[in-house]
Amino acid sequence: MSGPTRIGSGLFEQSSAPVRFRFDGRIYSGRAGDTLASALLANGVQVVGRSFKYHRRRGIVTAGPEEPCALVTLIGPSGREPNRPATTVPLTEGLVAESQNRWPSLRFDVLSIFGALSRFLPAGFYYKTFMWPSFAWERVYEPLIRRAAGLGRVQPSRSPPASSAVTQHAHTDVLVVGAGPAGLSAAYVLGSAGLRVIVADQDAILGGGSALDPDWHAWRSALLGLLAELPTVRVWARTTVIGAYGHGVYGALQTLPVGPTPAGSQPTEKLHVIRAASTVLATGCVERLIALPGNDLPGVMLAGAALRYLVGHGISAGHRTLLFTNNDDAYATAIEYARRGSPIEAIVDVREYSPAADRARGAGLTVYASAKVEAILGDRAVRAVRVRNREGERLTLTVDCVLLSGGHTPATALAAQLGAELRWSSSMAAFIPDLSPSIGQVAGSAHGVCGLAAAVQDGISAAQRIAETLQLGELATPDFPPMPPDAPRADLEPCWEITGKGKAFVDLQHDVTTADIRLARREGYEHVEHMKRYTTHGMATDQGRIGGLVGNAVLATARGIDITEIGQPKARPFLETVPFGALAGEESGDRFKPKRRLPLHDWHTQHGATFVNAGLWLRPLVYSADTSWNTVMAEARHVRREAGITDVSSLGKIEVAGSDAGAFLDFIYANRMSSLAMGRCRYGLMLREDGIVLDDGTVARLGKDHFLLTTTTVNATVVLEHLEFHRQTLYPQADVTITDVGDHWAQFAVAGPLSRAVLAEVVEELDLSNETFPFMAAAGARIAKTPGRVFRISFSGELAYEVAVPARHALSVWSKILELGEPLGLKPYGLDALNTLRIEKGHVTGAELNGQTSANDLGLGRLCKTVGDYIGATLARRPGLQGGQRLELVGLRPTDSEQRLRNGTHLLDSENPTASLGYVTSCTPATEQVGWVGLALLSAGHSRVGQRLLAASPMHNEAYDVEIVSPHHLDPDNIRVRA
Amino acid sequence: MLRILCPHCGVRDETEFRYRGDATTARPAADSGETAFARYVYDRANPKGWHAEWWIHVAGCRAVLRVVRHTVTHEIHSVTLPQAPFDIPVDAR
Amino acid sequence: MSAPDPVSPLRFERTTGDVVEVTARRGRTRDVVYAGRARDLPLPAMGEAIWSDTFVAASTRPDRWWIIGPARAPAETAARVSGLLGTGAIVVDQSSGFETVDLVGAGWREALTQGCRLDLDPAIFTAGQAAATTIAQINVIMIPHPSGLLVLIPATYAQHFREWLTHLCGESHS
């Protein structure tokens with residue numbers, strides 16, 4: 001017999017009842033409390049994936065998110081979720097998983113031929129080989145490489161279930177990352193003093209090292225109990241802090257405990273956004289591998305992972321196991337294996353002496369001191385090891401499992417993101433981070449402290465240092481449960497690489513070998529960041545956590561420098577793979593952005609409107625399911641012939657009040673507003689300081705010191721901020737109050753030759769005749785018994801009014817107008833018809849106010865004040881914005897009335913059609929003429945009125961002649977609007 | 001993510017604010033001419049280090065704030081109202 | 001932070017009230033505050049709220065106040081407030097500009113940690129205070145009271161916000 005098996009029960013086991021799951025199509029059985037990895041091991045599954053480049057068979061190497069090899073795709077009702085480490089996937093009934101990067105199957109992988117070709121696949125292989133010809137990259141090489149070398153396959157699936165992930169905001173005094181002895185102790189001290197504390201740990205089982213040491217179980221349970229009683233302490237298991245984002249903000253991803261769920265459903269996730277005044281990083285260490293030939297064979301596992309599978313899940317990784325170590329900590333695994341009756345063939349230790357070796361020998365184990373494993377042998381899995389003993393003799397030992405331990409590296413990624421200083425610890429042969437006290441403290445083994453009791457002490461002192469930084473004085477240390485003392489220990493002896501024949505891997509996920517690192521250096525990529533990119537060492541889901549430092553040490557040796565001088569690659573979020581769905585949280589699908597609804601939204605719905613998204617707004621496009629030109633033109637022509645009503649409530653509306661309001665508006669608008677008479681409206685044009693048009697709208701003077709501004713729908717928030725910015729920075733002492741009333745007022749345009757007759761039915765207290773209420777008049781009035789405002793303004797080019805009432809009364813007023821107006825010929829019209837009407841009239845909107853046009857370009861230059869300061873005054877007059885070849889607003893018409901226009905069609909000189917002279921911005925069928933009309937931005941356009949040009953849209957295979965005309969296709973003398 | 005100490009509302013997330021550009025420049029007098037305005041609109045020091053920026057607290061008190069921020073570390077030195085005196089530290093880094 | 005109370009699940013009610021936005025004109029803040037104090041419309045300091053029998057007054061901008069009261073005829077509340085506070089105040093009717101929602105139930109603080117970025121710990125944000133912030137991407141005014149939270153939502157976002165709240169309350173029930 002060989003391979004992994006379950007030999008008993010484990011601490012993490014919740015029940016021995018079988019939990020069935022499916023891996024690569026086969027049904028297996030595990031236990032509640034298993035991870036997918038432990039359940040696979042318990043079933044003797046040794047090969048769980050193929051490697052990235054060479055397609056070598058790989059097994060489970062670790063027991064955490066640092067896992068390089070056992071990446072699987074989870075298949076659930078919402079789709080495929082690739083690249084999940086099996087070591088972090090909790091086993092649930094009905095779970096379905098697949099191995100990755102093998103084709104057609106895991107046992108027989110066609111592409112494993114790459115292994116035999118490996119001398120032709122060195123580091124930087126892709127860059128070197130697939131350089132030429134360049135067209136082949138896109139068509140041939142990349143698809144081939146993507147298929148051959150890759151991780152899991154993403155299934156793009158829209159709309160995950162709305163509840164699959166949520167985002168939650170948290171605030172705390174101290175965030176403790178890691179619930180080992182150091183983190184728990186710090187939390188206990190801080191929480192006992194009444195501070196708010198959040199403890200986040202990536203594991204389902206809290207306690208870190210104390211969870212795996214039977215002597216510490218009582219302490220661990222007692223302390224977790226004490227923490228649970230502290231009202232200000234929250235302890236989150238299965239919660240990985242995935243990044244530090246500055247200013248005390250951290251992201252943490254929590255996998256929610258799985259309840260009784262339908263078969264195959266996946267765990268749901270919660271993204272915590274945590275704001276913390278300080279932090280304790282008690283993130284512990286990650287065990288590292290030793291680079292030696294054969295160190296990637298299935299059956300090789302890190303010693304600490306093996307201890308976790310044994311103690312936590314009752315699983316032995318092999319039947320005859322050998323431990324190769326350079327440190328004391330790994331001995332615990334061998335001693336526990338022996339205690340539980342799983343044979344340990346030998347312990348090979350590179351060091352001459354350690355107290356741990358004495359303890360192992362006392363337990364009856366064979367220890368080869370000052371010895372090393374030269375190679376791990378095997379074809380499909382570990383079969384034997386070749387050991388060189390102290391005397392230099394070579395022994396071949398038959399084993400089916402090799403446990404490696406090259407020492408422990410503090411988990412520094414989070415600390416590095418927080419700008420930690422790194423110092424070298426020779427007793428651990430690793431970099432240890434120190435945080436600036438204003439950010440927090442590092443504690444426990446991440447801080448270079450060895451032993452659990454020492455970690456407790458370090459956690460307590462970290463808490464005290466935080467209290468000092470937060471100026472809380474010394475905290476009372478609460479009573480801790482009794483804890484066992486740490487055993488005497490010896491330092492490790494660095495052991496990065498055993499050189500020999502065969503591939504020695506430093507990065508199992510990306511198949512990076514020690515030879516690749518040396519090649520990178522020889523080819524000039526000797527900076528640690530360059531080497532990383534050249535070899536891909538330390539990239540992707542595992543971030544090279546178990547071999548990163550090993551590879552860097554190999555590079556240091558190759559460069560002939562000390563490892564302390566090699567530096568570390570920059571760490572960035574995320575610390576582990578994060579599903580996009582978890583980042584999106586609720587803000588996906590229908591909730592991606594809020595929806596903004598008009599006050600009459602329901603009425604529009606009931607009357608068959610088709611809606612269009614305009615920014616966040618939902619606006620009625622046309623009152624029909626049929627959105628063709630026929631229905632749009634019917635609405636538009638009805639306005640021209642009789643009368644129409646449309647909802648323009650989405651316009652921005654801003655009240656500006658105060659004795660300096662007129663002067664302030666003179667500064668804001670290019671044209672003068674202080675001279676506006678009470679009860680009158682004026683078109684208003686705003687420039688940016690660079691002289692380009694920002695927005696347009698109307699200004700009504702409602703009182704001596706009281707103005708009402710309207711803005712375009714899209715620029716409502718922009719204009720409000722524009723006003724507030726200049727009011728606060730340049731007019732701080734002025735008597736000007738700006739109030740956004742956009743949502744308070746509903747506003748309807750009533751347009752068409754019959755509009756006066758229609759409104760006369762509902763408007764009281766106001767004579768609408770031309771004499772008393774001429775074009776551009778404004779007044780308060782009662783509309784359908786509701787106090788509101790009437791403006792005689794026209795976007796459509798017809799005799800028209802806009803009425804405004806408080807939005808709460810919008811429905812009653814709108815309904816009343818329609819009820820009384822319909823017999824006279826009134827009908828509602830939508831945004832498309834509104835657009836048709838304004839294009840014919842030559843009114844500009846977003847397509848023409850495109851951030852590049854000046855007032856002159858739009859033919860509005862005459863509005864701009866010639867005296868006095870206003871925003872954009874100086875730069876609007878600069879030479880570059882005057883005439884020349886600038887794109888200017890014109891109208892156009894195809895010479896063939898059968899020919900339609902399209903937005904974006906380019907205009908060219910038909911004699912010399914080599915360069916675009918401009919393009920169509922807006923177009924529509926005409927309401928009263930035959931054929932189409934449009935607006936265009938055309939080079940030196942104002943001087944081209946009357947010319948014929950060629951309009952070309954190569955995308956539509958169209959080219960035809962157009963006549964350039966005035967943009968005012970209809971009623972250029974404003975007779976209708978003044979009727 | 002920046003956390004900005006609004007003088008009116010307290011510490012708030014960056015997402016509540018809208019960035020509005022360089023706060024080291026001042027609008028020239030009306031008659032200063034094109035060159036002065038071009039400098040005001042276009043010329044930017046783009047410092048690596050301390051910098052003053054306008055941030056508008058659009059989701060809170062709607063105040064325009066001058067935030068002195070380190071463009072490398074994101075450390076915030078001061079947050080003040082437009083008329084308050086402010087200083088831009090000399091970067092010792 | 002208090003845990004969700006299973007006995008009183010989170011729920012919300014739309015209340016139809018009048019909302020008036022008051023701004024003290026430049027240099028007139030003291031006049032406006034004195035006028036309010038003298039006429040039973042005390043105006044709170046920035047970030048605070050005063051609950052009286054007739055009105056809730058809250059301030060989330062310097063020199064500005066939200067006055068919230070029972071619904072009356074259009075613009076009547078604004079006219080009344082204007083009369084009380086005098087010429088130093090610019091008074092704008094916003095009754096149709098906001099929908100007021102009262103969130104009731106002990107679980108509101110915990111529930112709103114989804115979508116709300118403020119620190120809702122009762123020791124930090126409690127009755128007597130007011131804050132303008134973002135919830136579920138919508139700018140709102142939050143006014144906590146002893147049994148829940150009053151939220152002012154811009155009217156055109158109100159339906160979206162209510163749908164979001166319904167979803168949230170549904171979750172806290174389950």
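How many strands form the open sheet of chain A, and in what order? Seven strands form it, in the order β41-β42-β43-β44-β40-β34-β45, with mixed pairing. Two strands pair if DSSP finds at least two bridges between them. Helices (H or I, at least four residues) and strands (E, at least two) are DSSP runs, numbered from the N terminus.

This is a predicted model: local features need pLDDT of at least 70, side-chain atom pairs count only at pLDDT 80 or more, and totals for chains, interfaces and linings use all residues. Residues are numbered from 1 along each chain as its sequence is written, while chains are lettered from A and ligands numbered from 1 in the order in which they are written.

- β42 (778-783) and β43 (786-791) of chain A run antiparallel and are joined by six bridges.
- Gly780(A) stands opposite Arg789(A) in β43(A).
- Helix α17 (629-641) of chain A packs on the sheet, where it touches β34 (643-647), β40 (745-751) and β45 of chain A.
- The direction of α17(A) makes about 120 degrees with that of β34(A). Axes are lines fitted to C-alpha atoms, for helices over the stretch in contact, and angles run from 0 to 180 degrees between N-to-C directions.

**Domains of chain A**
- Chain A is divided into domain 1 (5-114), domain 2 (165-285 + 410-469), domain 3 (287-407 + 490-565), domain 4 (663-739 + 867-878) and domain 5 (883-979). The bounds come from an automatic or database domain assignment.
- Taken over C-alpha atoms, the centres of domain 3 and domain 4 of chain A are 72 Å apart.

**Helix α8 of chain A**
- Seven of the nine residues of α8(A) (331-339) are buried, so the helix is largely enclosed by the rest of the structure. A residue is buried if 20 or more other C-beta atoms lie within 10 Å of its own, exposed if 12 or fewer, and partly exposed in between; C-beta atoms are placed from the backbone.
- Among the buried residues are Tyr331(A), Glu336(A) and Tyr337(A).
- The elements they pack against include α7 (303-313), β19 (344-349) and α9 (355-362) of chain A.
- Gly341(A) follows α8(A) and has a positive phi, near 85 degrees.

**Nonpolar cores**
- A nonpolar core is a set of buried Ala, Val, Leu, Ile, Met, Phe, Trp, Tyr and Cys residues joined through C-beta atoms within 7 Å.
- The largest has 190 residues; Val656(A), Val750(A), Ile141(C), Val151(C) and Ile153(C) have the most contacts inside it.
- A second, separate core of 172 residues includes Val61(A) and Val280(A).

**Interfaces with chain A**
- In chain C, 28 residues are in contact with 29 of chain A. Contact requires C-beta atoms, placed from the backbone, within 7 Å.
- β6(C) gives the most to this side of chain C, with three residues.
- In chain B, 19 residues are in contact with 19 of chain A.
- α1(B) gives the most to this side of chain B, with four residues.

**Chain B**
- Chain B has one helix and six strands, in the order β-β-β-α-β-β-β from the N terminus.
- Its C-alpha trace spans about 40 × 35 × 20 Å along its principal axes.
- Of the 93 residues of chain B, 27% count as buried.

Technical notes. Two residues are in contact if their C-beta atoms, placed from the backbone, lie within 7 Å.
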